[in-house]
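Here's a quick tour of the contacts in this model. Keep the viewer open and follow along.

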2 protein chains.
Amino acid sequence: MDYDSSVPIYLQVMDAIKKQLILGKIRPGEQLPSTRTLALDYDVNTNTAARIYKELELQGICFTKRGLGTFVTESTEKISEIKDEMANKVIDTFIQEMSGLGYNYPDMVKIIKEKETK
Amino acid sequence: MDYDSSVPIYLQVMDAIKKQLILGKIRPGEQLPSTRTLALDYDVNTNTAARIYKELELQGICFTKRGLGTFVTESTEKISEIKDEMANKVIDTFIQEMSGLGYNYPDMVKIIKEKETK
DNA sequence: GATAGTGGCATAGGTATATAGTACACTAAA
DNA sequence: TTTAGTGTACTATATACCTATGCCACTATC
């Protein structure tokens with residue numbers, strides 16, 4: 001995985017995991033890799049891996065059983081909630097940025113449709 | 001100005017200045033505020049203000065006359081170049097993020113049109 | 001009980017960002 | 001020449017992030 005040096009790594013990995021959850025590549029209730037394995041998978045330090053799970057737990061996305069491992073929430077509602085939340089953030093950012101650059105809604109729609117055909 | 005703590009301040013101010021340029025609020029060739037004034041305006045340190053102009057100069061957006069001040073480039077082509085560059089970055093990021101969340105082009109268009117009516 | 005695998009914690013060091021404060025060099029105008 | 005305003009440079013400090021390393025506590029299994 002390539003990292004954008006202007007964004008903390010732990011946030012980028014968190015987003016990557018959340019996307020896997022949203023796309024169904026990780027199922028509800030499923031056990032996540034151990035912190036040490038995650039560290040290897042994403043080429044980060046074990047402390048960073050631990051932080052990733054800790055923050056995801058704060059967001060209600062996973063839970064931890066000490067001595068056993070870390071597991072994804074079983075709540076499908078929570079997962080679709082996360083999806084809406086992430087999508088809204090992306091959309092709002094896009095609209096705000098484009099407005100700031102002088103584009104209006106029809107401009108945005110037009111641009112996206114043009115991109116589609118390419 | 002409110003700052004997003006997850007993005008370096010100097011980048012956020014640079015973007016703000018570039019937007020003013022794109023929207024015509026700053027004219028080609030116009031003198032920019034002094035580093036000390038910029039620091040006051042944006043509530044940052046003088047060193048950070050100096051860095052902002054230094055980085056903008058690296059991007060060809062402004063130039064400095066020592067002892068006189070910092071001035072915006074007179075090239076209108078450069079300015080429209082910057083606009084295209086910024087817009088393309090925003091658009092590509094949007095499309096990539098939304099695709100990663102499982103949305104396709106028609107979805108995106110639909111969402112934006114919905115936002116417009118609100 | 002011993003072992004392996006899990007999360008959790010503590011210490012230390014490095015880098016980037018931002019701040020505070022000070023000082024210096026250049027330019028134009030009084 | 002003096003002054004005010006400009007950019008530039010330097011040191012020091014603080015914080016966040018990331019890494020490296022080691023150790024401890026819990027759980028399941030042998």
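## Ground rules

This is a predicted model, so to speak of local features we need pLDDT of at least 70, side-chain atom pairs count only at pLDDT 80 or more, and totals for chains, interfaces and linings use all residues. Residues are numbered from 1 along each chain as its sequence is written, chains are lettered from A and ligands numbered from 1 in the order in which they are written, and side-chain values use heavy atoms, with hydrogens and water left out.

## Around DNA strand C

Start with DNA strand C, which has 24 residues around it; A:T35, B:P8, B:I9, B:Y10 and B:T48 come nearest. A residue is near a strand here if one of its heavy atoms lies within 4 Å of it. By type, that surface splits into seven nonpolar, eleven polar and six charged residues. For these classes, Ala, Val, Leu, Ile, Met, Phe, Trp, Tyr, Cys and Pro are nonpolar, Asp, Glu, Lys and Arg are charged, and the others, Gly among them, are polar.

Helix 3 of chain B has the largest share, three residues. Helices (H or I, at least four residues) and strands (E, at least two) are DSSP runs, numbered from the N terminus.

## Backbone and bases

Which part of DNA strand C faces the protein? Of its atoms within 4 Å of the protein, 67% belong to sugar or phosphate, and the rest to bases. On the phosphate side, an N or O atom in the side chain of B:T48 is 2.7 Å from a phosphate oxygen. B:R66 puts a polar side-chain atom 3.3 Å from a sugar or linking oxygen of DNA strand C. For a base contact, look at A:G67: a backbone N or O atom there lies 3.0 Å from a base nitrogen of DNA strand C.

## Two domains in chain A

Chain A divides into domain 1 (9-74) and domain 2 (77-117), with bounds from an automatic or database domain assignment. Their C-alpha centres lie 27 Å apart. Ten residues of domain 1 are in contact with five of domain 2, where contact means heavy atoms within 4.5 Å.

The two domains bury about 680 Å² between them, with carbon and sulfur atoms giving 83%. Buried area is the accessible area (1.4 Å probe) that two parts lose on being put together, summed over both. A:K18, A:L21 and A:I22 lose the most area on the domain 1 side, together 53% of what that side buries.

## Chain A meets chain B

Now for the chain interface, with 29 residues from chain A and 29 from chain B. Chains A and B bury about 2800 Å² between them, 74% of it on carbon and sulfur atoms. A:L101, A:I112 and A:K115 supply 22% of the area chain A buries here, more than any other three residues.

The interface has four salt bridges. One pairs the side chains of B:K19 and A:E97 (3.7 Å, N to O). On the chain A side, helix 1 (9-22), helix 4 (76-100) and helix 5 (105-117) give two or more residues each, and helix 4 gives the most, with twelve. That side divides into 18 nonpolar, four polar and seven charged residues.

Conventions: A polar contact is a pair of N or O atoms within 3.5 Å; within protein, one must be able to donate a hydrogen and the other to accept it, and residues adjacent in sequence count only if both atoms are side-chain atoms.
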